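The following exercises concern a predicted model. Please work through each task before reading its solution.

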Amino acid sequence: MSVDRLFTLTKPGTEAGVGIRTERRVEIDAGADVAAEARELVAGLLAEPWGQVSASPYETGRVVSLAPWLTGHAERVEFLLATQRPDGGWSPAGDHALVPTLSAVEALLAELGRDTSSGHALLAKAADRGLEAIWNWSFQATWPPDTPAIELIVASLLALIDGHLDGEGPKPPPGMSGAKLAAVRAWLVSGAPIPQKLVHALEVAGPEATAASGILPTPMPGGMAAVGASPGASAAWLAAPPDPGAGAGAGAEERAARRAGDEAAVRRYLEAVVASSGGPMPCALPIAVFERGWTLSWLRRAGIPVDVPPELVASLRDGLGPEGVATGPGLPADADTTSVALYALALLGEPREPEGLWPFELETHFCTWRGEEGMSPTTNAHVLDAFGEYLRRRGGEPRHAAVVAKLAAWLRDRQEVDGNWTDRWHVSPYYATACCAIALREFGGGKSAGAVGDAVNWVLGTQREDGSWGRWEGTAEETAYALQTLLLAGAARDGRWREAVERGYRHLLAARDGRAPSLWVDKDLYLPVAIVRAAVLGALHLARRALAIPEDDSY
C-alpha cells in the first residue's frame, strides 16, 4: 500500500465522501482534450470546496494521540500501520521523515497504553520498528529540514515518547533541546499576545499551556470552527482542560456556555473531515483560496482555454484585503497566497492593486508572513508575478516598478551556482526553479536573461534517461515543472531543447497514472491534488502547442 493515501473533502453535510484511497493519482487521459480535462478540474474546485489534499502521517498521529474518541479512530490507527515503510519510518526517506515518524511512533505508544485487544502485538511491533528507525537515522542527519515549527514539534514529540518509555526515549538532535519549546509554553501561560502562525501547531503547547493561552477557534460556515486550520491543533485545543480562572467570578456562566459552544463547533469541524476522509487527517483544511489561486494560475498561464465560473473568481476577490489573505481559517495572512490570488485574478481579467502585499515588504524582499524567520524564493517569485502582471495590465506607479526591480535582483542573487533555485515550501528544486525562472523571464527584464538561461540549462542537463525530471526519482509533477520552465522561460529553442521537450512530453503521458508523491511542505509533506493536476495539464498543453501536436493526439 502506498504512503500517498489521499482523500477529497466534499461540502460538509453531503454524502459524497470518497473515503480512504490507497493511492490517489494525477490522472490525465493521453488521448483526451486537455481543455476538457481542465474544465473538469475547474468544476471540481466548486464541487469540493474545502480542497483536495493528502493525508498526513504526522497530523493523523496527533489526532490518534489526542482524540481517540473521534469517529474513525480505528481507521487512523490502521492508516499509520499501513503506511509504515519497510525501514520503520514514515513519509519520504531522509530528513523529512523525522517529524511524521516521531508523531506516528508517539501515537502508537499512546494507543498501546489504551489497547488490550488482539492487535496489541501488531501495535507494539510497529512502534518498536519506528523507534529503531529513529535511533538508526533520524538524528544522524546534518540538520532537520526547514519545515514549520519543526524545533517545537520535535521537542514536544520526544518529550511525549520519553514519557511513554519511562525516560529511555531518543535524545534530541543538536539545536533541539527543548529550550525554545519551554519558552513558548511559558509565553502562552503568561497571557501575552500569541503569534497567529503558532496556532497552526498548537498541539506542541501541551494541555496546561493551551488551556491558559486563551486561544479561540476560528468560526466557519455550517456552525463549525477550527484551530489554525489544523485537525491536530483543533484536537489539542479540545483535549486541554478548561482554564481554572475561567470558572469563577462575574460572567462565569457566560464563559462556560461560550466554551461549550466552541467545543461543539470544533467537534463538528473534525467530524466533517472524518466524514469525507474515512479517518486519516491532512495538515491543513480548508485550503480553498490556496488551491484555487494556484490551480487557475497554472491553467491560465499555460493558455488553456477554460471558462472560470464567477463563483471561483469571487472567492479569490472577496478574500483579499489590505492585510492580505490566509490559506485557511485561523492561519495568518501570507504573501504567498495573497500574491497568487492577485496574479490569478489578473489572468482572469480582474487586475487589482496589490495593496494586500505591502504589509509583507522588507528592505530587500518580501516575507511569507510577518515575523518569518526564513525566506522564500518562490513566495518572492509569486509576488513578482503579482506586481509584474499588474504593471503590464494597469501601468501602475513608480513604487510598483521599484518592487519589480527589487524582487528580480533578489531572486537573481538567490540562484544556486548550477542554475536552479531551492525553497522551503516545496522539496523539489524543479518547482522552485519553475516559479523563479518563469517570473524572471516575464518580469525580470534584460538583467535577468543570464539567470533564466542558466536555469534552462540546468533543467536540460538534469533530465533523466527516461525523459523525466525529479529530485529523488522521476515524477509527473516535477516533469511538469521542468517542461514549464523550458516552454515558458526557454528562449533558444534548438535541437537539444526540442529533444528534451519531446522526451519529457512522452514521459508525462506515460506517467499520468504513476504514483504522485507528497512534495509540498507543511508540518508534514503533502500533495495538493488539484494544483499538481493543473501543472501537469499546463505542461501537456504547452508541449503540444510547441511541438505542434493536435490536442486529440496521444503522440
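**Exercise 1.** Is Glu355 buried, partly exposed or exposed?

*Solution.* Step one: the relative accessible area of Glu355 is 37%. Step two: a residue counts as buried under 20% and as exposed over 50%. Glu355 is therefore partly exposed, since its value lies in between.

**Exercise 2.** Describe the surroundings of Glu355.

*Solution.* Begin with the chain: Glu355 belongs to the loop that runs between helix 14 and helix 15. Next, consider contacts, leaving aside residues up to four places away in sequence: Glu355 touches Gly321 and Pro322. Finally, Glu323 is 32 residues apart from Glu355 along the chain, yet 7.8 Å separates their C-alpha atoms.

**Exercise 3.** Why does the length of helix 16 agree with its number of residues?

*Solution.* Helix 16 covers residues 398–413, which makes 16 residues. As for its buried side chains, the buried residues of helix 16 include His400, Lys406 and Trp410. Among the elements covering the buried residues are helix 15 (377–394) and helix 17 (429–443).

**Exercise 4.** Characterise the largest pocket.

*Solution.* First, its volume is about 1100 Å³. Second, 46 residues line this pocket, and those closest to its centre are Pro148, Ala149, Lys197, Trp369 and Trp425. Third, the elements that give two or more residues to the lining include helix 6 (150–164), helix 12 (288–301) and strand 7 (520–521). Last, the lining comprises 27 nonpolar, eight polar and 11 charged residues.

Methods. Residues numbered from 1 in each chain as written. Predicted model: local features only at pLDDT ≥ 70, side-chain atom pairs only at ≥ 80, totals over all residues. Heavy atoms only, no water. 1 Å grid on protein atoms, 1.4 Å probe; cavity = no way out; pocket = protein on both sides within 12 Å on 5 of 7 lines; lining within 4 Å. Points joined across faces, edges and corners; volume = space filled by probe spheres on them. Helix = DSSP H or I, 4+ residues; strand = E, 2+ residues; numbered from the N terminus. Nonpolar A, V, L, I, M, F, W, Y, C, P; charged D, E, K, R; others polar. Expected span 1.5 Å × (residues − 1). Buried < 20%, exposed > 50% of the residue type's maximum accessible area, 1.4 Å probe, protein only. Contact = heavy atoms within 4.5 Å.
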